[in-house]
Amino acid sequence: MPVPRLRGSALAVVAMISVQTGAGTSSWLFDRFGVPGTAWLRLTWAAAVLWLIARPRIRGRDRRELGTALLLGAVSGLLTLLYFEAVVRIPLGTATALEFLGPLGVAVAGLRRRVDALWPLAAAVGVLALTRPWSGAVDLAGVGFALGAAAGWAGYIVLTKRVGDQFTGLGGLAVSMAAASVVTLPFADVARVAGQMDMPSFALSGLAALLLPILPYAAEMVALRDLPTAVFGTLMSLEPAVGVVVGSVVLSQQPSWPQALGVVLVTFAGIGTVLSTPREAPPPGTSGPGAGVERKSSAAPCGPRQAEVGDAGPEEERACPVRRTKQRMSRSQC
């Protein structure tokens, strides 16, 4: 396997484990600061750390690029808040599988063959097995928050790839996290956060922010510069299963057999959808040694900074985001 793909695959796996571990180890922070307060505190930590590391250039940058980064921040902030509200009410694996319906829906929208109807059908059966509405034991609020996070994840995957292409390094992520902190501030009980804060809490909240969102968001953005869409999407389709494992080990949440079956079905639907997504045919005349040059040239209408993303990974991963919408699968690959 080429070094960039190996590096990107490793980063994608690190991101999944970090997200689930960060969510699974948050119960103490939830009890102390509340769910909205914990989300705001983590995002504020992320904004401060990433701003110091990346030192993004704001002056003179195209307003549309800044607008995209700010919009990504708003979506990321609400996604984090909704996901945390879900995991305090329903098992971690169930919340992650329901949240995964967002990127799954984005990918399914690009499928055209009749046989591809199998994937949303498998996902629907998986959701029924996870929530078991016939049992009357499902927490409807938790399911609602998880589905809200799914919608947020769908927006997140569309915007993250765009911001990663428009900004070099982690500058776009730093701007986005600052916006996420501002967006979640009205939901947080800042007085409670300040009143409960002490040195152990300060250190623990910083460590928790490293696990989620700093490490996974940065890893995903860098991985997208190394991996083709299908590879990244297939890897990220495993996240519901990772959530079940982390929930079992960290939170002692042992899934019932219907819940385990539901996670398997949602994961199966995700992998199948990614592998069924049609690949774009290269433009005429781009199959020879000069193919990369012509593709780069044809992507120019995407924005004024398109020529600045030479370190963004394989040539095919720098194509215009508008043309690539139907190929996007996972939380961060669009």
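## The second largest cavity

The lining of the second largest cavity divides into two nonpolar, two polar and three charged residues. Here Ala, Val, Leu, Ile, Met, Phe, Trp, Tyr, Cys and Pro count as nonpolar, Asp, Glu, Lys and Arg as charged, and the others, Gly among them, as polar. The residues doing the lining are Thr-160, Lys-161, Gly-164, Asp-165, Met-221, Leu-224 and Arg-225. Helix H8 (residues 140-166) gives the most, with four residues. Helices (H or I, at least four residues) are DSSP runs, numbered from the N terminus.

What counts as a cavity? On a 1 Å grid over the protein atoms alone, it's a set of points where a 1.4 Å probe fits but cannot get out, and lining residues have an atom within 4 Å of a point.

## Where the numbers come from

This is a predicted model, where local features need pLDDT of at least 70 and side-chain atom pairs count only at pLDDT 80 or more, while totals for chains, interfaces and linings use all residues. Residues are numbered from 1 along each chain as its sequence is written, and side-chain values use heavy atoms, with hydrogens and water left out.

## H3 meets H11

Now for helix H3 (residues 35-54). The axes of H3 and helix H11 (residues 199-223) come within 8 Å and cross at roughly 80°. Axes are lines fitted to C-alpha atoms, for helices over the stretch in contact, and angles run from 0 to 180 degrees between N-to-C directions.

The contact of H3 with H11 has 12 nonpolar, two polar and one charged residue. Contact means heavy atoms within 4.5 Å. On the H3 side you'll find Trp-45 among others, and on the H11 side Phe-202 and Pro-213 are included. Pro-213 lies in H11, and a cis peptide bond joins Leu-212 to Pro-213, with omega about 20°.

## H3 meets H4

H3 also packs with helix H4 (residues 63-87), at an angle of about 140° and with axes 9 Å apart. That makes H3 oblique to H4. Among the residues meeting here are Arg-42 in H3 and Phe-84 in H4.

In the loop between H3 and H4 sits Arg-55. Its phi is near 45°, a positive value in a residue other than glycine.

Notes
Helix = DSSP H or I, 4+ residues; strand = E, 2+ residues; numbered from the N terminus. Parallel < 35°, antiparallel > 145°, perpendicular 65-115°, else oblique. 1 Å grid on protein atoms, 1.4 Å probe; cavity = no way out; pocket = protein on both sides within 12 Å on 5 of 7 lines; lining within 4 Å.
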